Amino acid sequence: MDLIVSCSCSSTISSPFWPKSTPLQSPFFPSSSNPSATSSRRPKWALVRTKSELQTAVGVNGVPAAAPPIAVPTHKVTVHDRQRGVVHEFVVPEDQYILHTAEAQDITLPFACRHGCCTSCAVRVKSGQLRQPEALGISAELKDKGYALLCVGFPSSDLEVETQDEDEVYWLQFGRYFARGPIERDDYALELAMADE
């Protein structure tokens with residue numbers, strides 16, 4: 001769409017500094033009484049042309065049409081839940097978390113924080129690949145060994161994983177820092193701490 005803006009002003013100015021009914025004379029804005037001031041003296045900015053590059057598809061009754069949806073690749077995910085003795089198979093889009101998609105399909109998997117900060121939803125990859133850029137709960141060393149967190153994991157291919165015991169993963173990650181062996185877990189203190197949240 002071309003938009004042409006031009007001005008041919010012949011207006012009177014009422015100001016204490018100008019005599020009343022004095023026409024505005026300018027070489028840039030010729031008046032009808034001064035036809036000699038033509039566009040040859042008009043600056044480039046007096047004529048503006050713009051072209052709109054944004055175009056909206058129009059649908060029925062003039063309502064803008066929705067853009068066609070972009071197909072997101074999906075992958076088959078198989079989770080061997082060792083604690084419950086169950087195998088879950090479901091399809092997950094590449095741009096969605098595995099845990100969230102499982103829950104949307106009424107599949108119960110272990111989890112706690114949902115933010116990739118603990119090891120409750122830890123799994124070990126048996127085959128396939130996944131991305132987990134936000135998995136803070138496991139070290140790079142464990143990721144290299146095939147451990148992953150389902151709450152912040154995106155499938156990159158068909159995937160087969162096996163749930164892990166949270167304490168085992170925690171010990172693999174932090175056990176070398178405890179010289180006297182595993183620390184006894186105080187479940188009562190943990191329940192009190194969770195109640196305060």
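First, the ground rules. This is a predicted model, so local features are given only at pLDDT of at least 70 and side-chain atom pairs only at pLDDT 80 or more, while totals for chains, interfaces and linings use all residues. Residues are numbered from 1 along each chain as its sequence is written, and side-chain values use heavy atoms, with hydrogens and water left out.

On confidence, the protein averages a pLDDT of 75, and 58% of the residues score at least 70; pLDDT is the predictor's confidence in each residue, from 0 to 100.

Now to strand E5, residues 74–81. Strands (E, at least two residues) and helices (H or I, at least four) are DSSP runs, numbered from the N terminus. Six of the eight residues of E5 are buried, so the strand is largely enclosed by the rest of the structure. Buried here means under 20% relative accessible area, with exposed over 50% and partly exposed in between (1.4 Å probe, protein chains only).

E5 has two strand partners to look at, and two strands pair if DSSP finds at least two bridges between them. With E6 the pairing is antiparallel, over eight bridges, and Lys76 has Val91 as its bridge partner there. The hairpin of E5 and E6 has four residues between the strands, and Gly85 in that hairpin takes a positive phi near 70°. With E11, E5 runs parallel, joined by four bridges; Thr78 has Glu160 as its bridge partner in E11.

Val77 takes us into the nonpolar part. The largest nonpolar core has 25 residues, and Val77, Phe90 and Ile98 are among those with the most contacts inside it. Such a core is a set of buried Ala, Val, Leu, Ile, Met, Phe, Trp, Tyr and Cys residues joined through side-chain atoms within 4.5 Å. Elements giving two or more residues to this core include E5, E6, helix H1 and E11. In soluble globular proteins, nonpolar side chains tend to be buried together. Beyond four places in sequence, the residues that Val77 touches include Phe90, Ile98 and Leu159.

Finally, Gln132 sits in the loop between strand E8 and helix H2, and counts as buried at 12% relative accessibility. Polar atoms of the Gln132 side chain lie 3.1 Å from the backbone oxygen of Tyr147 and 3.0 Å from the backbone nitrogen of Leu149. The C-alpha atoms of Gln132 and Tyr97, 35 residues apart along the chain, are separated by 9.2 Å.

Notes:
Contact means heavy atoms within 4.5 Å. A polar contact is a pair of N or O atoms within 3.5 Å; within protein, one must be able to donate a hydrogen and the other to accept it, and residues adjacent in sequence count only if both atoms are side-chain atoms.
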